[in-house]
Amino acid sequence: MNNLPAILILDDDPVMLKLLALRLNKRFPDLRVETQQEPLAIGAYDIYILDNDFQGRPLAADLAEHIKRQQPDSLVLALSGTLCATTLKRLLNCGCDGAFDKSIPSDIDLLLATISERLNNVNQSIVKKREPQASVVETARAIAGLIQDWNHRIELEEKRGQGRVVDTSRRSLAENLSP
């Protein structure tokens, strides 16, 4: 998948494709939105929105099954006006993450909220992946600084005592290192 989160909308209605793509682009400007009128899920996307009815054929469950086999971590959402109980059951069983009725405005709002939640989770996981690396670097710098300080103290003690206090300062260094 690319650096920008990507979404593919599959719907045979060009007007619906255009309206949904515009709404997604407005709500999520950092989301790469692609549309397709054919019921083919080719390519790798983070999020899929699937219509069910393609020229009278119910295909959302078949598409969702295919996508989940290829990309089990992707978010798959069905958005259709023709989702019967059998199709809903199949969608649920294959791992579809949500089904929404495109004729109900509040369902479209719920679809957008689901996408928003996924994008927030992805952003948080990216930050979490970066945090350990940053803390390792910071820890390494802190340890290097402590070692330099301890070496400097040992040198001062050696100069001050001309070797008389060297064993003592090294012993205190070992005591400082032990938990």
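1. Two strands count as paired if DSSP finds at least two bridges between them. In this predicted model, β1 and strand β2 (residues 32–36) meet that criterion, pairing in the parallel sense over 5 bridges. Within that pairing, Glu34 in β2 is the bridge partner of Leu8. β1 also pairs with β3 in the parallel sense, over 4 bridges, and there Ile9 stands opposite Ile49.

2. Overall layout. The protein chain has 5 helices and 7 strands. Read from the N terminus, the order of elements is β-α-β-β-β-β-α-β-α-β-α-α. Of the contacts with a separation of 6 or more, 62% are between residues 24 or more positions apart. Buried residues make up 33% of the 179 residues. The accessible surface of the chain comes to about 11,400 Å², and carbon and sulfur atoms hold 54% of that area.

3. Strand β1 in detail. How many of the residues of β1 are buried? The count is 5 of 5. Ala6, Leu8 and Leu10 point one way from the strand, whereas Ile7 and Ile9 point the other way, and all are buried. In a regular strand the side chains alternate between the two faces of the sheet. In β1, then, the side chains on either side are covered.

4. Nonpolar cores. The largest nonpolar core has 21 residues. Ile7, Ile9, Leu24, Ile49, Leu79, Leu111 and Ile115 have the most contacts inside this core. The elements that give two or more residues to it are β1 (6–10), α1 (14–27), β3 (47–50), β6 (75–80) and α4 (105–161). A second, separate core of 19 residues includes Ala41, Leu50, Leu59 and Ala60. In soluble globular proteins, nonpolar side chains tend to be buried together.

5. Ile49 as a point of contact. Which residues does Ile49 touch, leaving out those up to four places away in sequence? The list is Ile7, Leu8, Ile9, Leu10, Leu20, Leu24, Leu77, Leu79, Leu111 and Ile115. Ile49 is also among the residues with the most contacts inside the largest core.

6. The β-α-β units. β1, α1 and β2 make a right-handed β-α-β unit. β6, α3 and β7 make a right-handed unit as well. Strand β7 (residues 98–101) has a covered face made of Gly98 and Phe100, and its uncovered face consists of Ala99 and Asp101.

7. Salt bridge Asp11–Lys102. The structure holds 7 salt bridges. In one of them the side chains of Asp11 and Lys102 meet at 2.7 Å, N to O. Asp11 lies in the loop between β1 and α1, and Lys102 in the loop between β7 and α4, 91 residues apart. Asp11 counts as buried because its relative accessibility is 3%, and buried means under 20%. Lys102, at 22%, counts as partly exposed. Asp51 joins Asp11 and Lys102 in a network of salt bridges.

8. The side chains of Arg90 and Asp62 meet at 2.6 Å, N to O, in a salt bridge. This pair links helix α3, which holds Arg90, to helix α2 (residues 60–70), which holds Asp62, across 28 residues. Both partners are partly exposed: Arg90 at 33% relative accessibility and Asp62 at 37%. Lys68 and Asp97 form another salt bridge, at 3.3 Å, N to O. Lys68 is in helix α2 and Asp97 in the loop between α3 and β7, 29 residues apart. Here the two ends are classed apart: Lys68 is buried at 13%, whereas Asp97 is partly exposed at 37%. Side chains of opposite charge can pair when their charged atoms come close.

9. Asn93. Is Asn93 buried or exposed? Asn93 is exposed, because its relative accessible area is 63% and the threshold for exposed is over 50%. Its place is in helix α3 (residues 85–94). Asn93 and Ala61 are 32 residues apart in sequence, and their C-alpha atoms are 9.3 Å apart in space.

Definitions and conventions. Residues are numbered from 1 along each chain as its sequence is written. This is a predicted model: local features need pLDDT of at least 70, side-chain atom pairs count only at pLDDT 80 or more; totals for chains, interfaces and linings use all residues. Side-chain values use heavy atoms; hydrogens and water are left out. A nonpolar core is a set of buried Ala, Val, Leu, Ile, Met, Phe, Trp, Tyr and Cys residues joined through side-chain atoms within 4.5 Å. Buried means under 20% relative accessible area, exposed over 50%, partly exposed in between (1.4 Å probe, protein chains only). Contact means heavy atoms within 4.5 Å. A crossover is right-handed if, with the strands pointing away from the viewer, the path from the first strand over the helix to the second runs clockwise. Accessible areas come from the Shrake-Rupley method with a 1.4 Å probe; for residues, only the protein chains shown count as cover. A salt bridge is a side-chain nitrogen of Lys or Arg within 4 Å of a carboxyl oxygen of Asp or Glu.
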